[in-house]
Amino acid sequence: MVSKGPKRPRRLATEIVHHGRDPFAQNGFVNTPVYRGSTVLFPDLETLESGKQRYTYGRKGSPSMSALEDALTNLEGGVACYLMPSGLSAVTTTLLAFVKAGDHILMADTVYQPSRRFASEVLTAFGVEVTFYDPQIGGGIARLMKPNTRAVYAESPGSQTFEVQDLPAIAAAAKAGGAVMLVDNTWATPLYLKPLSLGADVVLHAGTKYIVGHADANLGAVICNEAAHSKLKHMAWSLGTAAGSEEVYLGTRGLRTMEVRLERHQRSALDMANWLASRPEVARVLHPALPSCPGHEIWKRDFKGSSGLFSVILKPHAKSGLARMLDGLELFGMGYSWGGYESLVVPFDPKLGRTATAPIAQETGLRFHIGLEDVADLKDDLALGFERLGRNS
């Protein structure tokens, strides 16, 4: 917004609505429009050769991109933001920015599986050594640091099983060992966690989730501090991993309502988590805001809230019963991704995808995203599903 006097400190709910907008630079229109294009013209040779013009090529930035980048940089407390075509491209670009052949990285054992696959298959093929660590290790991660450790990658809470990490302790060990600290903050968003303030150097988001918020665009974002800026900028521009104009607009649109959506997601998910904990079919609920979840005390210390994503572990059941349960649900869609307005559920095997830690359970897990529907209707839908789960045929 155009300044109308001295700027007073503003709270996050206000910043998320106003930061990155300048209506009077857009002829009074509230939203920054979609700038489509590749070629950007220079008024003269001197300007072209000086490199001082703000926008030089569509892939390197546009007013549409600046609106979202500026807002996310402000919300995370960083110095710069780079938008990517997807959350995974944010992960891969960031890792490539800080490691090369002969280097070593540490990665939480509970990260998003495509992130894990990129590290264990692609980076190792290029000569990077990867060690997966117990997400509950805290400051003990110092024992795993090597002279060539260049990055420590965390995701808190962990994917599917939601272990919360001691980010300040891990960041301190990374810094002492000369490594950068990278944190996937998609679950909490900058509204509920600020990893840069806890010692991280880079924060990553699958903007596809809560930033976009409507299940209609893929988007990634990377926000960094000053120490990490030059390497990240070089790699982002070298790889050409720029987000599309339409997706950026949808991300900016979604950001403006993220605070009110997150509040509803949080409230409904906690209600559903406590209800599921009372169900006889459920062995365990994995939600960071519940005392039974690994790292709950750290969550209370570092986080300001929780989102709509959590998991449960079912008690032993027939496979045919699981199909009957899930296939008959009316309000919970089965599909990957999350963070939209709709409720989702996907089954997972807790025994898979770990090498540094023991499986958290042997039975089937269900990952839920609680959308914006009425919680009473969601409970009714799941109650009927649990009845189908327990049938003999």
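Which hand does the crossing of H12 and H13 have, left or right? Hold that thought, everyone, and keep in mind that we are looking at a predicted model.

Let's start with the sheet. It is open, with seven strands in the order E1-E7-E6-E5-E4-E2-E3, and the pairing is mixed. At the edges stand E1, residues 80-84, and E3, residues 129-133; each has a single partner strand, so one side of each has no neighbour in the sheet. On average, neighbouring strands are turned by 20° against each other, ignoring direction.

Now zoom in on one pair. E4, residues 149-155, and E5, residues 180-184, run in the parallel sense, with five bridges between them.

H5, residues 113-125, lies across E2, E3 and E4, and makes about 160° with E2. H8, residues 226-239, also packs on the sheet, where it touches E1, E6 and E7. The direction of H8 is at about 30° to that of E1.

And back to my opening question. H12 covers residues 319-327 and H13 covers 375-390; their axes are 7 Å apart, at an angle of about 155°. Angles over 145 degrees count as roughly antiparallel, which means H12 is roughly antiparallel to H13. The crossing is right-handed.

Who meets whom there? From H12 we have Gly 321, Leu 322, Arg 324 and Met 325, and from H13 we have Leu 382, Gly 385, Phe 386, Arg 388 and Leu 389. By class, that contact has five nonpolar, two polar and two charged residues. Thanks, everyone!

Methods
Residues numbered from 1 in each chain as written. Predicted model: local features only at pLDDT ≥ 70, side-chain atom pairs only at ≥ 80, totals over all residues. Heavy atoms only, no water. Axes fitted to C-alpha atoms, helices over the stretch in contact; angles between N-to-C directions. Helix = DSSP H or I, 4+ residues; strand = E, 2+ residues; numbered from the N terminus. Parallel < 35°, antiparallel > 145°, perpendicular 65-115°, else oblique. Left-handed = near helix turned anticlockwise from the far one by under 90°. Contact = heavy atoms within 4.5 Å. Nonpolar A, V, L, I, M, F, W, Y, C, P; charged D, E, K, R; others polar. Pairing = 2+ DSSP bridges.
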